[in-house]
Structures are given as structure tokens and as C-alpha cells.
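Me: I would like to learn how to read a structure feature by feature. Please walk me through this one.

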Amino acid sequence: MNIFNLFGKRPSARVASDRLKLILAHERSGRGGSDLVLLLREEILAVIERHVAVERDKVQIRLERGIGVSTLGVDIELPVTVGGGLAAA
Amino acid sequence: MAKVLVVTSGKGGVGKTTTTAALGAALAQSGASVAVVDFDVGLRNLDLVMGAERRVVYDLINVVNGDAKLNQALIRDKRLDTLHLLPASQTRDKDALTDEGVARVMGELREKFDWVICDSPAGIERGATLAMRHADLAVVVTNPEVSSVRDSDRIIGLLDSKTLKAERGEKMEKHLILSRYDPARADRGDMLKIDDVLEILSIPLLAIVPESLEVLRASNVGCPVTMNNPLSAPARAYIDAARRLRGETVAMSVPSDKKSLINKLFTRRAA
Ligand SMILES: Nc1ncnc2c1ncn2[C@@H]1O[C@H](COP(=O)(O)OP(=O)(O)OP(=O)(O)O)[C@@H](O)[C@H]1O
Ligand SMILES: [Mg+2]
């Protein structure tokens, strides 16, 4: 027993096993991998590109794998034309 | 323009990934912008040691193949915003890395960062030679043990022949990190002496990193040891190594974790 545990700090081995279980669950399921993200990116962009011109370099994808759920964040910079509106594709 | 540094060893499990994370974090903690790059394709681990495993979207192979841009694949550290990770692929193998693709990505990294630190896979095959190919300098990680020293000697030979720098006829800068050093065993005469290792390999010493529980703790929680416990012995060794890499003169020592009296009595009895 480590003194820190008395103050609610988890032993590092517990943190390690929680991290491992989580990441292995994701890796084994084969989902949430980069292939799925690639597919989602392409389909999301295709929908947006029907309406606005998107620069592929200006797309940031964030993923956070969690317990039970993962979050996917897609940041797309939409160009604005001089007139003020969105640039149409 | 970055300095590209490869962390290599030949032998597996000697502390390359630990060293990559610790040096990368130590350099980034001093304000430099740093990218650590995992070349261990198929067996990525740097993401785990850095605590970024849940956030990997793209990897080195995606960037090499043009499926993703470099800035889309780089993961910025949550604790230290000058530190970035380019993960290896977990599902593909190293043959998916083309020489030209790697050259292009290394060129882009060079323009973006002050330091690019490449974590080499074990072995002397293509994965290891690709990781060292574009390096300006190398850190050879060696344990004070016969097979590790012999493998380091092989790797030093490759650094002097298979890198772009060597092919251009330039001298490859090499530094030794003697890792998992155990002063008690050294005192008993059961471990190769530092001077013997230095004489055999004849490259300059960058740091002596003691065997320490703090390295295990840091990897358990996914935080480079220099950030997780900067005052610990291995962290101090790596922080000094980073200062030497930046050109400072720092006296060489074997840092040790100070033990309380009770702790000392206990370990002595347990030994
Ligand atoms: N100074 C140290 N004290 C105690 N344990 C250490 C130390 N350095 C590394 N280790 C441990 O040794 C093991 C191997 O370390 P690491 O993964 O860094 O080696 P590696 O050379 O990258 O291995 P591989 O060749 O498989 O990529 C890990 O469990 C790590 O925690
Ligand atoms: Mg490794």
C-alpha cells in the first residue's frame, strides 16, 4: 500500500490496466481505426462539397476513444467570399 | 530547420521508446518544438508511452501514401503544446513505407520543427535503416550487458554506412545512452563497467540512465518520465542529456533516487 493511495491517487498499475483494456477493446473490434475514419471523412466531405468548396488541407479530424463511446470531431475551414457568403462549390 | 535524431540500438527492449519520449519531452519542456516519430511499424508503442493512444487518427503510412496531410496526422501533446507525435501504423507493415515517401515526410517535418526524434524498431532490417536514413545525429541506447553492446556495435556500423549522411561522405554524429544501469550490480562487479562499454564502442557518452521504477510508473500512466516525475533519477539523466544535445556543458553523473532511511533499511534487508 502506497501512502498516495490514501489520498485517492490510483496506483500506476491500475491506470495501466484501464488504459490497456480500453485501447485493446477498440483495436480488437477493428472499429474506430483509421480506415473507418478515412471513410467517414470522405463521406462527410462529399456532402459538404456539394454546397461549398473545401480545401482538403484545411480539414482537421479529432478522435477520442472512450469507454463505450468514441467522439469524432471534424473541423472544416469554410472559405468566405468577398461578398460575405460562403464560397459555393 | 530541424535537427533529425534517430534513437536506435539493434537489440530489442533496451529503452529506445522510453528514451525517445523522455528526450522529446525534455527538449520540448525547454521551449523547442519537437516531433517524435514512431518508425516501429506494426508494433507501435510510442503512442502508449506518450499517453496518446486514444487519439490516434492517422499514422506515418497514411502520410507517406498521401491519405493524410502531415498536420492532420500529428498529435499535439495535451500537457505540453510544443510536443507532437507522429504515430506508426498498427495494421500495416514497413513495406508500405516507400523510400521517396519517407524522404518527403522527413523533409516536411524538418521545416516545421526544431527537433525530429525518430524511434527505431529493434533489429538491423529495413525498418531500422529507414528510421536512421535521414538522421543528422544518432543516439545509440545500450544496456550494460554483452549482447546489447555487440548489437550496438552493429548499429554503429550501419549508421556509418547506410545513412544519407554517410553516403555523402560526411561523419555521422553518434552519442551513447547507457540505460538500465544498476550501481549496486556495478559495485559488486557483476555488470559491465561504463569505461569498458565506452572503450569498446568508442562513441561519446550522452547519459547514464539508472534502472528505475519511475520508468515503469511513467509508462503505466502514459507520460514521458521527464514530465511525470522530473526530479526522479532517470528524468534527471534525460534532462541533462537534452541539455547536452542543445550544446550545453553538463557534468556527467549517475543520478540516483534519494531513499529515506526506512526505505534503505528495507531494500538492504530485502536484497
Ligand atoms: N531505465 C529504466 N529502468 C527501468 N526500466 C526501464 C528503463 N528503461 C526502459 N525500461 C523498461 O524496459 C522495457 C523496454 O523499454 P522500451 O520499450 O523503451 O525499449 P525499446 O528499446 O523501445 O524496445 P523495442 O525494441 O521492443 O522497441 C519497458 O518495460 C520499459 O519500461
Ligand atoms: Mg520501442
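This is a predicted model: local features need pLDDT of at least 70, side-chain atom pairs count only at pLDDT 80 or more; totals for chains, interfaces and linings use all residues.

Me: How much of ligand 1 does the protein bury?

Reply: Start from the ligand taken alone. In that state ligand 1 exposes 630 Å². The protein buries 77% of that.

Me: Which elements give two or more residues to the shell around ligand 1?

Reply: They belong to chain B: α1 (16-29), β7 (173-181) and β8 (205-210). The largest share, 3 residues, comes from α1(B).

Me: Which residues come nearest to ligand 1?

Reply: The shell holds 16 residues. B:Lys16, B:Thr17, B:Thr18, B:Arg180 and B:Ser212 come nearest.

Me: How do the residues of the shell divide by type?

Reply: Into 5 nonpolar, 7 polar and 4 charged.

Me: Now the strands. How do strands of a sheet pair?

Reply: Through backbone hydrogen bonds, in a parallel or an antiparallel way.

Me: In what order do the 8 strands of the chain B sheet run?

Reply: Read it as β3-β4-β2-β5-β1-β6-β7-β8. The sheet is open, and its pairing is mixed. Its edge strands are β3 (75-76) and β8 of chain B, each pairing on one side only.

Me: How many bridges link β3(B) to β4(B)?

Reply: There are 2 bridges, and the sense is antiparallel. Strand β4 covers residues 83-86. To place one pair, take B:Ile75: its bridge partner in β4(B) is B:Leu85.

Me: Where is B:Glu173, and is it buried, partly exposed or exposed?

Reply: B:Glu173 sits in strand β7 of chain B. B:Glu173 has 35%, so it counts as partly exposed.

Me: How far is B:Glu173 from B:Val197?

Reply: Their C-alpha atoms are separated by 18 Å. Along the chain, the two residues are 24 apart.

Me: What pattern does chain A follow?

Reply: Along the sequence chain A reads α-α-β-β. That is 2 helices and 2 strands. Chain A has 89 residues, and 25% of them count as buried.

Me: How do strands β1 and β2 of chain A run, and how many bridges join them?

Reply: They run antiparallel, with 7 bridges between β1 (residues 59-65) and β2 (residues 70-76). One partner pair is A:Gln60 with A:Asp75 in β2(A). The hairpin of β1(A) and β2(A) has 4 residues between the strands. There, A:Gly68 takes a positive phi near 85 degrees.

Me: Last topic, cysteines. What is a disulfide, and how many are there over all chains?

Reply: A disulfide is a covalent bond joining the sulfur atoms of two cysteines. Over all chains, the count is 0.

Me: Are B:Cys118 and B:Cys223 buried or exposed?

Reply: The cut-off for buried is under 20% relative accessible area. B:Cys118 has 0%, so it is buried. B:Cys223 has 8% and therefore also counts as buried.

Note on methods. Residues are numbered from 1 along each chain as its sequence is written. Chains are lettered from A and ligands numbered from 1 in the order in which they are written. Side-chain values use heavy atoms; hydrogens and water are left out. A residue is near a molecule or strand if one of its heavy atoms lies within 4 Å of it. Accessible areas come from the Shrake-Rupley method with a 1.4 Å probe; for residues, only the protein chains shown count as cover. Ala, Val, Leu, Ile, Met, Phe, Trp, Tyr, Cys and Pro count as nonpolar, Asp, Glu, Lys and Arg as charged, and the others, Gly among them, as polar. A disulfide is a pair of cysteine sulfur atoms within 2.5 Å. Buried means under 20% relative accessible area, exposed over 50%, partly exposed in between (1.4 Å probe, protein chains only). Two strands pair if DSSP finds at least two bridges between them.
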